[in-house]
Amino acid sequence: MESELVLHEGGCHCGKIKWRVKASRRVVAWSCNCTDCSMRGNVHFIVPSSDFELLDDSKDFITTYTFGTHTAKHTFCKVCGITSFYTPRSNPDGVSVTVKCVKAGTLDHVEIRTYDGLNWEKSHKETGIASFSNES
């Protein structure tokens, strides 16, 4: 949407997981209806993994859940259970950041697009989602 990147900070509910992500102030986020995202109500934007940084000892509080193809790495906090980011199947070279886990003040606009995770292959082809983790 916009090419100037800024640093956004965020993390989980209890604060054990903290991160920084470089992204535009205006992002495209995805609302997915796959079994995992729909149960969590997850809306997320995708960045190249090189634009995402875990802070402090956050990695000590992360646990991971996989299913299906085991490509997606659904990470969540061992303490509070919040998924503030994960590695999506659609973009294994990227990181999906949960919009509501970004601290207020740095995101100006979130365009929400629909991803049909129940018809994954078709949606992956039609949405162009894979391009969202490309290096700028």
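# Reading the numbers in a predicted model

Tutor: This is a predicted model. A compact globule of 136 residues would have a radius of gyration near 14 Å, and the protein has 14 Å, so the two agree.

Student: What are the spans of the C-alpha trace along its principal axes?

Tutor: They come to about 40 × 35 × 25 Å.

Student: How many helices and strands does the secondary structure come to, and in which order do the elements run?

Tutor: There are two helices and ten strands. Starting at the N terminus, the order is β-β-β-α-β-β-β-β-β-β-β-α.

Student: How much of the contact count comes from residues 24 or more positions apart?

Tutor: Taking contacts with a separation of 6 or more, such pairs account for 60%.

Student: And what about burial and surface: what share of the residues counts as buried, and what supplies the exposed area?

Tutor: Of the 136 residues, 40% are buried. The protein exposes about 7,400 Å², with carbon and sulfur atoms supplying 51% of that.

Student: Now the cysteines. How do you know that the sulfurs of Cys12 and Cys14 are too far apart for a bond?

Tutor: Set the distance against the cut-off. A disulfide needs the two sulfur atoms within 2.5 Å. The closest cysteine sulfur to that of Cys12 is in Cys14, at 3.7 Å, so that pair is too far for a bond.

Student: Which cysteine holds the closest sulfur to that of Cys14?

Tutor: That is Cys77, with its sulfur 3.7 Å away, again too far for a bond.

Student: What makes Cys12 and Cys14 land in separate accessibility classes, buried or partly exposed?

Tutor: Buried means under 20% relative accessible area and exposed means over 50%, with partly exposed in between. Cys12 has 11%, so Cys12 is buried. Cys14 has 35%, so Cys14 is partly exposed.

Student: Why is Phe85 called buried?

Tutor: Because its relative accessibility is 9%, and the cut-off is under 20%. Phe85 lies in strand β8, residues 85-86.

Student: Which residues is Phe85 in contact with, leaving aside neighbours within four places in sequence?

Tutor: Among them are Ile17, Trp19, Phe52, Leu54, Ile62, Thr75 and Val95. As for Phe45, that residue is 40 residues from Phe85 in sequence, with 9.3 Å between their C-alpha atoms.

Student: Thr75 is on that list. Is Thr75 buried or exposed?

Tutor: Buried, because its relative accessible area is 9%. Thr75 is found in strand β7, residues 74-77. Beyond its neighbours within four places in sequence, Thr75 is in contact with Ile62, Thr63, Thr64, Thr83, Phe85 and Tyr86.

Student: On to the backbone. What is the phi of Asp56, and where is this residue found?

Tutor: Asp56 has a positive phi of about 50°, although it is not a glycine. Asp56 is found in the loop between β5 (52-54) and β6 (62-65).

Student: What makes Asp56 exposed?

Tutor: Its relative accessibility is 67%, and exposed means over 50%, so Asp56 counts as exposed.

Student: And why is His70 called partly exposed?

Tutor: Because His70 has a relative accessible area of 43%, which falls between the 20% and 50% cut-offs. His70 sits in the loop between β6 and β7. His70 is not a glycine, yet has a positive phi of about 65°.

Terms used. Residues are numbered from 1 along each chain as its sequence is written. This is a predicted model: local features need pLDDT of at least 70, side-chain atom pairs count only at pLDDT 80 or more; totals for chains, interfaces and linings use all residues. Side-chain values use heavy atoms; hydrogens and water are left out. Buried means under 20% relative accessible area, exposed over 50%, partly exposed in between (1.4 Å probe, protein chains only). Helices (H or I, at least four residues) and strands (E, at least two) are DSSP runs, numbered from the N terminus. The radius of gyration is taken over C-alpha atoms; the globule rule is 2.2 Å times the number of residues to the power 0.38. Contact means heavy atoms within 4.5 Å. Accessible areas come from the Shrake-Rupley method with a 1.4 Å probe; for residues, only the protein chains shown count as cover.
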